[in-house]
Every structure is written in structure tokens, then in C-alpha cells.
Amino acid sequence: MIKDLALEQVVGDHHALGTSITLQIFCTQNRDLLQKSFDLIDHYEDIFTVNRDESEVMDINHAAGEHPVQVSSAVYGLVKLAVEKSRENFGFNALIGPVVKLWHIGFKGAHVPKDEEIKDRMLLTDPFKVVLNDSDQSVFLKMKGMELDLGGIAKGWIADRIRDLWRAYGVEAGIINLGGNILLVGDSPKRISGQWSIGVQDPKQPRGDNITSVMVPECSAVTSGTYERYLVVNGKKYHHLIDPRTGYPVKTDLAGVTTFTKTSVEAEIECKRLFFAGKPLKGWHDNPDRIGAIFVYNDEHIEYDNFGD
């Protein structure tokens, strides 16, 4: 019976959010929900994106230093979460865009900026210079040149909304894969235990080659790593993960960290917290929503946090 349910499924591919998306729903042959899901992803991309000149987030950025901008509840809620987490100063900062653009690592024109240039841009990244007004759901960036970018958590938030949609339609099991950001829905129909098998990328091999794997319940898995986008200048390697506390790529022995949490937006946030910490944090998994984490270091040794290995 389990095998039959696992074989009965619909799978759809889509391109959005700057990545390849795959949705897989088990125990059904109805494809309508796939299209509804892709339409919802496209809607959220339209309001969150900073890769086009027009979106609700870009309206906020265009008005920086001038006036507050009233936005929809979805945008306001995610901006508020992003700003609150940025103020914790653990490494995630939704205002880091001006510094990231200066380095431009992974894109044409990437270079090592001058220290003075970095210091100037860092002045535009203070999350305490964002005014959030709950009464009218408006956002104001106090300095001209400031930019909000929700790219660090938007995929996770959108994955959670797709799961909400699936649950409303009675989906029993499925996989939401937003370009490597994985959200598992329900129990796996392939195993009596209901557990899912999740692989962790080998940082020195092509995408899809795993260095290890774990069995997990329904959860989200998100990875932050230094190995996909980097710049080499005079033999020195600069990866794309900029430390908002310094303006330079974070110094770390980590190649990547994968977090497993109950919601995908939390996996995005906590992945960055652990990556910038560079090691397991004492008491991190005392929170019941945090299932565990896997740390892969540059010398390829692996640490399992809360997986009992």
C-alpha cells in the first residue's frame, strides 16, 4: 500500500525566484494544485523582488530618505520579521544589499572594493534606521541609498505559504523544492516510519553529489555555503557571504551548514545564524522547532548537531 501511494504522484517544474523549482505531490494525480502553487509563487515574487524595478519592496527602496510606503500585509509581515532578525546582529541583515552590490561576487564586474568604499556603504545597512509602523503597515528607510532585500528569507516564507495551500487542499505528502530550499510536507509515503531521507551537498562536488544524508520527520532543510559563488584575486578566494558586521566575506572554516526546522522561514534564518557562528551553538536545538543541523567544514569533516551521530 505504501509503495502504491508513493508511485501515485504529480510533479511539476517552474522557474521563478531566480531558480529552478520542483513541486512533488504524492497520493494524487490531480495537477491543478501544481498550477495554483506556481501562480502563488509568481505572485509573491512580483511583490517581494528587488531584481525588477517595480515591486512593493522596490517602492520602499525608491522612497528611501524621502517618505514611508504603505505595503500589503504579506510584505509588511516579512519586512518586519527580516528587520527584527537583522537587529539581532548575528550575521543576517536584510539591509546589506549596498555592500553586496559593491563586491558583486558571482556576477560580471566582481572585484575587491577599497576599504573606504566598504565603510561608506556600511553606513547604509543599519537595521535600526528602518521605521516600521504597525498601524498603517508602512515602512520607511531613513537614509537615501538604503535598500531592503528579502532574498535571504523570502524563499523560506514562500515555501511555508505553499505548504499552507497544500494543507488547505488536503495534501497528505509532498516535497516543495525551491532551488535547494526543501520543505517536506506530511509523512513520507515511501517508508512505514514516515521519515524522509535528505542528502547534504558535498561542497567539492557538482550539485546533487551528497557528502552525507540523514533521516528526518516533516521539516524544512536549508543550506548556506561558500562553495557556489566566489571570486579569486591574486590567489586569494573571496566567497559571496558578506558579514554585515565587517563588510567583508565572513571568515570561517565552514564550507556549509544545513539546518532542519519545522518551518522553512526559520530554516533560512537559523541557517545563517549557525553559518556566521561557524560551529554548533550550545542550547540551539533546545527550541522544539529546531530538529538539528549538519556542519561541513573545508577539510570535509562533518559535525552532526542533534542527530545522535
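A search of the whole structure, which is a predicted model, finds 0 disulfides, a disulfide being defined as a pair of cysteine sulfur atoms within 2.5 Å. C219 takes part in no disulfide, and the nearest cysteine sulfur, that of C271, lies 13 Å away. C219 counts as buried because its relative accessibility is 1%, and C271 is likewise classed as buried, with a relative accessible area of 0%; buried here denotes under 20% relative accessible area, exposed over 50%, and partly exposed the range in between, with a 1.4 Å probe and protein chains only.

In this predicted model, local features need pLDDT of at least 70 and side-chain atom pairs count only at pLDDT 80 or more, whereas totals for chains, interfaces and linings use all residues. Residues are numbered from 1 along each chain as its sequence is written, and side-chain values use heavy atoms, with hydrogens and water left out.

Helix α8 comprises the 14 residues 264–277, where helices (H or I, at least four residues) and strands (E, at least two) are DSSP runs numbered from the N terminus. At 1.5 Å a residue, α8 should span 20 Å, and its end C-alpha atoms are 20 Å apart, which agrees; the expected span is 1.5 Å times one less than the number of residues. Of the 14 residues of α8, 13 are buried, and the helix is thus mostly covered. At the start of α8, a side-chain oxygen of T263 comes to within 3.4 Å of the backbone nitrogen of E266, while just after the helix G278 adopts a positive phi of about 80°.

S188 is located in the loop between β7 (181–186) and β8 (196–201). With a relative accessible area of 5%, S188 is buried, and its side chain reaches the backbone nitrogen of K190 at 3.2 Å.

The second largest pocket holds about 490 Å³ of space, the volume being that filled by probe spheres set on grid points joined across faces, edges and corners. A pocket is an open set of points on a 1 Å grid over the protein atoms alone, where a 1.4 Å probe fits, with protein on both sides within 12 Å along at least five of seven lines; lining residues have an atom within 4 Å of a point. The lining of this pocket consists of 22 residues, of which K237, Y238, H239, P249 and V250 lie nearest its centre. Strands β12 (236–239) and β13 (254–261) each supply at least two lining residues, and β12 gives the most, with 4 residues.

Notes. Polar contact = N/O pair within 3.5 Å; in protein donor to acceptor, adjacent residues only side chain to side chain.
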